[in-house]
Amino acid sequence: MSTIAFIGLGNMGRPMVGHLIKAGHVLRLYARRPEVYQSEAADLIAQGAVACHSPAHAAEGADVIITNVMGPADVREVLLNHAQAVIHTAKPGALCMDHSTIDPQTTREIANTLAQKKIRYVDAPVSGGVWAAQAGSLVMMMGGADADVQEAQQLVKHYTKTVTHIGGVGDGQVAKLCNQIAQVINIQGIAESLRFAAANGANTQKVLEAISGGMAGSKMMDLMGPKMVQRDFKAGIEARLHAKDFFLVKAVAEKQGIDLPALQTVAEQLQALLDAGWGYDDTSSLLKVLEA
Ligand code: NAD
């Protein structure tokens, strides 16, 4: 059994920790807001996980350090930049694994810095949402050296359905951003389709029923289509997370001079969604942006 430091006890992190405790591992947790240990994460502490006061404290003696925070600056902060960052206490040979969705370049920079202290790194972002994290059926994309990925797989098997080793460090994040491009452009397409149906006086429920079973059908249509028709914009998948990922892809694509016109348009729609104050609502709110 391993000693695992787990940093970031948000909606995705908490169920992952639950699965690791159940599998018999020793968990050392770090939450930025200590009140979390008495509230959302109280059950994890009751099951024996240790509450730590800094990333460095959590990493003390850990074989594996897992991060599940928010964006690139957050991963960099807890692993490297924080006055009490992981790098100050992690033992040589420890394995860092990041489940946050961030950009590949930051990932590779962080991994290179950690490597100077002989700390290994695997990027392991996920797809599937909070319900898949709870059910232990996430889809994971990994980047890293073969041996490190194999070791990481022994842990993540407790909360994944499939794990694909894409390539070297950073390639997991490339795959995750590809996932986001295809996924959110699809959501925008579904919103435009139902907007068009309503504007032309057709019953949107019937239109959705008909096209879901045809060539336009998709997992996203099954998930988001009914929410749009029923005007249930509660998350689900919080739009702020899709927006964060889209702005990451946009920045990478612009830097590299890659032309992604649909992504550019949908990024503007997501910005309008955030400006309207719907960031914590479901991404199906893209329909409301069209209506506005
Ligand atoms: P969340 O907001 O519920 O949780 C994020 C947690 O990280 C919070 O507890 C926050 O306090 C902590 N955190 C953020 N920045 C930090 C910092 N600098 N230092 C210390 N702690 C910090 O978000 P979530 O839904 O759990 O998502 C976490 C990551 O997983 C994100 O990168 C997200 O894009 C990705 N993700 C989320 C989903 C989803 O459906 N929610 C799906 C796939 C991937």
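Modeller: This is a predicted model, and its chain is divided into domain 1, residues 3–168, and domain 2, residues 175–291. The C-alpha centres of domain 1 and domain 2 are 29 Å apart. Where they meet, 15 residues of domain 1 are in contact with 15 residues of domain 2.

The size of an interface is often given as the accessible area lost when the parts come together. Between domain 1 and domain 2 the buried area is about 1100 Å², and carbon and sulfur atoms give 69% of that area. On the side of domain 1, the residues that lose the most area to domain 2 are Met70, Thr101 and Trp131, which together make up 42% of what that side buries.

Next come the links across the boundary. Five residue pairs are in polar contact between domain 1 and domain 2, counting pairs with both residues at pLDDT 80 or more, while the count of salt bridges between the two domains is zero. The elements that give two or more residues to the side of domain 1 touching domain 2 are helix 5 (104–115) and strand 7 (126–127). By class, that side of domain 1 has nine nonpolar, five polar and one charged residues.

Now to the charged pairs. Side chains of opposite charge can pair when their charged atoms come close. The count for the model comes to twelve salt bridges.

One of them joins aspartate 63 to lysine 91, with the closest N and O atoms 2.9 Å apart.

Another salt bridge is formed by glutamate 291 and arginine 231, whose closest N and O atoms are 2.8 Å apart. Because glutamate 291 lies in helix 13 (residues 286–291) and arginine 231 in the loop between helix 10 (219–230) and helix 11 (239–256), the pair ties together parts that are 60 residues apart in sequence. Glutamate 291 is partly exposed at 35% relative accessibility, and arginine 231 is partly exposed with a relative accessible area of 43%.

A further pair lies within one helix. Glutamate 254 forms a salt bridge with lysine 250, and their closest N and O atoms are 3.3 Å apart. Both residues are in helix 11, four residues apart, which is about one turn of the helix. Glutamate 254 counts as partly exposed at 46% relative accessibility, and lysine 250 is partly exposed with a relative accessible area of 23%. Elsewhere, Arg33, Glu35 and Glu40 are linked in a network of salt bridges.

One more residue is worth a look. Glutamine 269 is placed in helix 12, residues 261–275. Its relative accessibility is 18%, so glutamine 269 counts as buried, the cut-off being under 20%. Leaving aside residues up to four places away in sequence, glutamine 269 touches Gln188, Leu286, Val289 and Leu290.

Key. Residues numbered from 1 in each chain as written. Predicted model: local features only at pLDDT ≥ 70, side-chain atom pairs only at ≥ 80, totals over all residues. Heavy atoms only, no water. Domains from an automatic or database assignment. Contact = heavy atoms within 4.5 Å. Buried area = accessible area lost by both parts, 1.4 Å probe. Salt bridge = Lys/Arg side-chain N within 4 Å of Asp/Glu carboxyl O. Polar contact = N/O pair within 3.5 Å; in protein donor to acceptor, adjacent residues only side chain to side chain. Nonpolar A, V, L, I, M, F, W, Y, C, P; charged D, E, K, R; others polar. Buried < 20%, exposed > 50% of the residue type's maximum accessible area, 1.4 Å probe, protein only.
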